[in-house]
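Please read this report with the sequence and the model side by side, and look up each residue as it comes up.

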Amino acid sequence: MFIRDPKTAKIGEEILPFEIDTIPEYFLKKAEAELGESTEKKMQGLREIRELAQNDKHTRNYEFDDDFLIQYLRARKYNATRAFTQLKALVQLKKKNPQIFTDFNFEKTSKTINDKTITLLPWRCQDGCAILLIQLDNWYPETFPVEEVKRACAVWLMQSLREPMTQINGFKAILDVKSNPFRHLRHCTPNNIWLIYHGSQECVPGRYKEVHIVNTSATFKAAWFIIKSFMSDKLKKRIIFHNNSKTLINYFPKEILPTQYGGELEKYDMTSWLRKAMAPEKLALIGGTRRESVSDPRRDSHHRRESNCFNWRRESNSSRRSSKA
């Protein structure tokens, strides 16, 4: 029922823009059929995942808004226990790697668009999936260090999941892994590769429907040798290798695929969306916020860093409640 042919899909009908204000009826029914979503399920799931968070030592001192928790519930089809396990993994990732979630800078992150290294495409697939395009050969570590890549991945993935359509339908990724090994191989360390995999697969509540690999290179082969050892069988089955990048048109509507991959999309620029996604008040909610301690005014250096990294003044609990009201 919820399968659409990319060869017959048309922009404005089956093909919708990445940014969309409301969820069309078709996709509301899809969420109900594929995720088991209903108003009652949402309310029950939120109660359960909040209770789990409040009773766990890793998450009890964090606050999560409903929209953020719904992302995890949808990703795990309203199994609150599984959703909480993934949520806790993100909190632990933040604690162990705070540098990924601090010091965000729009000018730096927007280089991924200008340099054509990481971007979302402006149109969704006919099935509602967001399309993430990564072009490895355009990455120059000398001008965009690997730590900035990790921050950029956090922004692109987690902020795109603020879109309910992405929560319901998931991602499709096009990984163009053509690479200059002299630039990239030294960064293919087990730690870097595992961190990106662990963060994107086990911490971020994205539903990865397909991963398309084009222009296989020596760098990718080295990374694949490492990553396939801990990749889930489910994800492995969703990885599609292309001998010719032009075969992507068998999976994506031609109108929304960039011309270098056989499509008709000549210009695409997601700078406007990225600027909105990186507004300080939105970035401050990535991964939940620490509760301010009332009984102990002292804070360790990590808490100060987490509180100040977005250069904004955190609202008090009372003002936050009043703003929701």
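Which residues does isoleucine 49 touch, not counting residues up to four places away in sequence? Isoleucine 49 touches Leu69, Tyr72, Leu73, Ala80, Ala83, Phe84 and Leu87, where contact means heavy atoms within 4.5 Å.

This is a predicted model, in which local features need pLDDT of at least 70 and side-chain atom pairs count only at pLDDT 80 or more, while totals for chains, interfaces and linings use all residues. Residues are numbered from 1 along each chain as its sequence is written, and side-chain values use heavy atoms, with hydrogens and water left out.

**The chain as a whole**

The secondary structure of the protein chain comes to 16 helices and seven strands; helices (H or I, at least four residues) and strands (E, at least two) are DSSP runs, numbered from the N terminus. Of the 325 residues in the protein chain, 50% are buried, and here buried means under 20% relative accessible area, exposed means over 50%, and partly exposed lies in between, with a 1.4 Å probe and protein chains only. Among the contacts in the protein chain with a separation of 6 or more, 77% are between residues 24 or more positions apart.

Isoleucine 49 has its place in helix H2 (residues 39–54) and is buried, with a relative accessible area of 0%. Between isoleucine 49 and leucine 73 there are 8.3 Å in space, C-alpha to C-alpha, although the two are 24 residues apart in sequence.

Helix H3 covers residues 66–75 and helix H4 covers residues 80–96. H3 and H4 pack with their axes 8 Å apart, at an angle of about 125 degrees; axes are lines fitted to C-alpha atoms, for helices over the stretch in contact, and angles run from 0 to 180 degrees between N-to-C directions. The two helices, H3 and H4, are therefore oblique to each other, given that angles under 35 degrees count as roughly parallel, over 145 as roughly antiparallel, 65 to 115 as roughly perpendicular and the rest as oblique. Their contact is made by Phe68, Leu69, Tyr72, Leu73 and Ala75 of H3 and by Ala80, Ala83, Gln86, Leu87 and Leu90 of H4. By class, the contact of H3 with H4 has nine nonpolar, one polar and no charged residues, where Ala, Val, Leu, Ile, Met, Phe, Trp, Tyr, Cys and Pro count as nonpolar, Asp, Glu, Lys and Arg as charged, and the others, Gly among them, as polar.

In the loop between H3 and H4 lies lysine 77, and tyrosine 78 has its place in the loop between H3 and H4 as well. Most residues other than glycine have a negative phi. The phi of lysine 77, however, is a positive value near 50 degrees, and that of tyrosine 78 is a positive value near 65 degrees.

**Helix H10 and its partners**

Helix H10 (residues 190–203) packs with H4 at an angle of about 145 degrees, and their axes are 9 Å apart. On the H4 side, Gln86, Ala89, Leu90 and Leu93 meet Leu195, His198, Gly199, Gln201, Glu202 and Cys203 in H10. This contact of H4 with H10 has five nonpolar, four polar and one charged residues by class.

The axes of H10 and helix H11 (residues 218–227) come within 10 Å and cross at roughly 70 degrees, which makes H10 roughly perpendicular to H11. Pro190, Ile193 and Tyr197 of H10 make the contact with Ala223, Ile226 and Ile227 of H11, and by class the contact of H10 with H11 has six nonpolar, no polar and no charged residues.

Threonine 219 is found in helix H11. Leaving aside its neighbours within four places in sequence, threonine 219 is in contact with residues including Leu136, Pro181, His184 and Cys188.

| Residue | Relative accessible area | Class |
|---|---|---|
| Lysine 77 | 47% | partly exposed |
| Tyrosine 78 | 6% | buried |
| Lysine 116 | 40% | partly exposed |
| Cysteine 188 | 18% | buried |
| Cysteine 203 | 0% | buried |
| Threonine 219 | 3% | buried |
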